[in-house]
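Dear colleague,

I am handing over the structure below, and after it you will find what turned up when I went through its side chains. Please keep it open while you read.

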Amino acid sequence: MAMDDVAFAAGSSSASMDAFAASSSSAAPTDSSHGWQKVLPRKNRKHAAPAAAPASAAPDLAKSNVFEGVDKRSQERHRAIRAARDAADEADGSIAAWGARSDDDEYGSDSDEAAKPQAEEVKKPKKPKVKKPKVTVADAAALIDAENLAAHLIDVSASYENQEGIQLMRFADYFGRAFANVSAAQFPWAKMFKESPMSKMVEVPLNHVPEPVCKTASDWINQRSSDALGEFVLWCIDSIMSELSGQPLGVKGSKKVVQQTPKAQVAIFVVLALTLRRKPDVLVNLFPKVVGNSKYLGQEKLPIIAWVINQASQGDLVSGMFYWSHSLFPALCAKSGNPQSRDLVLQLLERFLTTPNASKARGILLNGAVRRGERLVPAGTFDLFMRGAFPVPNARVKATERFEAAYPIIKELALAGPPGSKTVRQASQQLLPLAVKAMQEKNAELSREAADIFIWCLTQSSECYKQWDKLHPENIGASVAVLSKITSDWKTLAPKLNSEALKTTLKSLKAKNEVALEEAEDSGKKASIKEADKLCKVIIGRLSRGATCLKGSLLVIALAAAAGFALSPNLDLPADLAMVQEHLAMVPEHLAMVPEHLAMVPEHLSVLSEKLQAMASEYLGSF
């Protein structure tokens with residue numbers, strides 16, 4: 001627009017000049033330009049030489065003031081336009097280059113040649129970047145000196161004698177300085193924990209720390225109190241979790257994920273691993289604070305929690321298993337657990353069951369099946385695991401085989417303990433209602449396994465019979481499954497069951513069956529009630545026959561003994577009485593075992609009777 005104004009001004013001045021020249025040609029025939037200069041565009045201004053005015057004409061124009069004002073205004077406007085253009089040429093390189101290209105497009109001038117020297121003056125030579133040497137975790141760890149660490153810990157312990165919290169922070173600061181030069185790229189822990197298998201990650205990052213350094217640190221940690229160590233461990237875990245939570249994973253709406261690794265806190269992982277391996281009980285003590293806390297739950301946090309539990313298991317396998325069964329598995333591997341979580345949790349379990357090998361791991365875990373009055377595998381965890389090992393056929397997944405492989409040892413841990421002990425009785429009373437629920441589901445394999453668990457509960461606590469009696473009216477189908485199992489395996493199960501408690505319970509069930517049958521309207525439910533009632537009668541009949549057989553066996557023994565004495569004229573009374581007493585002495589022992597071994601009594605008594613009859617025949621043959 002400025003150049004248009006210039007052209008317009010030039011055109012106006014030229015027209016005025018021509019008109020003035022035409023009207024005054026006779027009066028001033030000396031110079032046709034009359035002292036005026038035609039304003040040309042920049043394109044032509046460079047190549048056109050200005051016309052030289054005659055010396056005689058200048059004074060005349062200077063004396064003439066007719067167009068002095070017009071000429072003055074035109075010159076001022078022209079100077080303003082040139083000043084604006086010069087200012088634009090001195091702007092930054094990108095704007096100047098763009099302006100030059102614009103001028104070239106409009107006027108075709110040689111502005112590119114004028115702009116190049118200015119651009120070259122703006123550019124400054126770039127200083128070469130000095131690359132810092134890459135320091136790996138192994139490089140930094142190799143420089144740690146055990147004696148220097150020991151001296152530092154002695155100094156810290158003396159300076160903060162009664163402040164264990166500060167001592168532990170100074171302990172962490174030492175390793176923080178040692179690993180300060182390790183960049184995030186050299187320790188991308190978030191990516192490593194997510195993508196690497198459990199067996200590989202358990203040794204990170206302690207596999208790089210020299211053994212003397214680990215021993216020095218572990219010995220010092222062992223002298224700190226459990227409370228202080230618990231707070232320190234919780235602080236380390238919170239630091240990792242807060243850093244992980246602040247990590248941006250990507251841009252919403254974009255398929256490309258921005259890979260941003262959190263700052264490499266190598267020192268925190270090192271001191272946390274050292275503490276958990278030396279004092280694994282600390283993690284168990286933190287259980288009430290951690291379990292159920294959303295701060296420590298979530299798919300992205302699971303690898304960190306698994307790593308923490310694994311570190312504790314390196315120091316004490318039972319502690320790691322305790323945390324797994326009481327917290328991790330119930331929270332993440334219920335029916336709605338996603339496959340990734342389930343895979344990681346099963347990896348952790350499989351490592352527990354095979355470290356250092358399957359045989360030793362089983363022995364260690366069974367020895368710790370009950371700790372501080374709590375079972376290593378609680379009833380709820382066992383119920384969840386049983387359902388994972390016995391799904392309905394159309395619900396099997398890839399992990400089902402892994403559940404099936406680990407189920408025997410999990411079952412053994414859940415039921416372990418001295419028979420009749422307090423912990424076993426408690427476990428049986430907790431498991432029986434869960435077994436009843438499992439039998440009610442339409443899953444044949446699960447129902448059979450739950451029936452076995454139910455019968456085990458009956459053998460461990462007389463209170464379980466009372467529980468059965470209360471649960472029967474609402475769970476007749478479960479009672480049918482249990483009664484069928486007892487009936488089919490009577491010879492094996494009869495010695496293990498409490499015959500008196502069983503008989504009393506069955507009579508109560510029969511009475512409830514009669515009431516339920518009168519109230520039932522559904523044909524299927526009626527059929528279940530009738531089946532349960534029939535099985536109750538069968539088992540009660542077997543219990544009654546066992547008692548009758550016992551009485552008959554005792555009578556046979558008495559008669560055989562009397563016949564032997566009566567038919568032997570030359571009796572060696574002391575020897576014979578001793579032999580008879582030896583056999584008869586076995587009777588009270590068998591009678592004492594009647595409640596639990598009722599089915600075996602007739603067999604023993606029969607053998608005893610045969611022996612007495614053989615003795616009697618021998619005496620009779622001596623005549």
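**Around Arg224**

The charged end of Arg224 sits over the ring of Trp220, at 4.3 Å from the centre of that ring. Please bear in mind that this is a predicted model, and that every value here is computed from it. Trp220 is one of the buried residues of helix α12 (residues 211–221), among which are also Val213, Cys214 and Ile221, and the elements that cover these buried residues include α8, α9, α13 and α14.

Arg224 also forms a salt bridge with Glu164, in which the closest N and O atoms are 3.9 Å apart. Because Arg224 lies in the loop between α12 and α13 while Glu164 lies in helix α9, this pair ties together parts that are 60 residues apart in sequence. Arg224 has a relative accessible area of 10% and is therefore buried, whereas Glu164, with 22%, is partly exposed.

**Other salt bridges**

The count of salt bridges comes to 23. In general, side chains of opposite charge can pair when their charged atoms come close. One of the bridges joins Asp238 and Lys295, with the closest N and O atoms 3.9 Å apart; since Asp238 is in helix α13 and Lys295 is in the loop between α16 and α17, the pair ties together parts 57 residues apart in sequence. Asp238 is partly exposed, at 22% relative accessible area, and Lys295 counts as partly exposed too, at 38%.

Asp533 and Lys510 meet in a salt bridge of 3.4 Å, N to O, which links helix α29 with helix α28 across 23 residues of the chain. Here Asp533 is buried, with a relative accessible area of 16%, and Lys510 counts as buried at 18%. Finally, Asp281, Asp316, Arg371 and Arg372 are linked in a network of salt bridges.

**Aromatic pairs**

The structure holds 19 aromatic pairs. In one of them, the rings of Phe329 and Phe385 have centres 5.6 Å apart and planes at 45 degrees, so the pair is tilted. Phe329 belongs to helix α18 and Phe385 to helix α21, so this pair ties together parts 56 residues apart in sequence. Phe329 is buried, at 0% relative accessible area, and Phe385 likewise counts as buried at 0%.

The pair of Phe390 and Tyr407 is edge-to-face, with 5.2 Å centre to centre and 90 degrees between the planes, and both residues are buried. Ring pairs also link Phe187, Trp189, Phe193, Phe269 and Trp307 into a cluster.

Note on methods:
Residues are numbered from 1 along each chain as its sequence is written. This is a predicted model: local features need pLDDT of at least 70, side-chain atom pairs count only at pLDDT 80 or more; totals for chains, interfaces and linings use all residues. Side-chain values use heavy atoms; hydrogens and water are left out. Rings of Phe, Tyr and Trp (its six-membered ring) pair if their centres lie within 6.5 Å; planes under 30 degrees apart count as stacked, over 60 as edge-to-face and the rest as tilted. Helices (H or I, at least four residues) and strands (E, at least two) are DSSP runs, numbered from the N terminus. Buried means under 20% relative accessible area, exposed over 50%, partly exposed in between (1.4 Å probe, protein chains only). A charge sits over a ring if NZ of Lys or CZ of Arg is within 6 Å of the ring centre and within 35 degrees of the ring normal. Contact means heavy atoms within 4.5 Å. A salt bridge is a side-chain nitrogen of Lys or Arg within 4 Å of a carboxyl oxygen of Asp or Glu.
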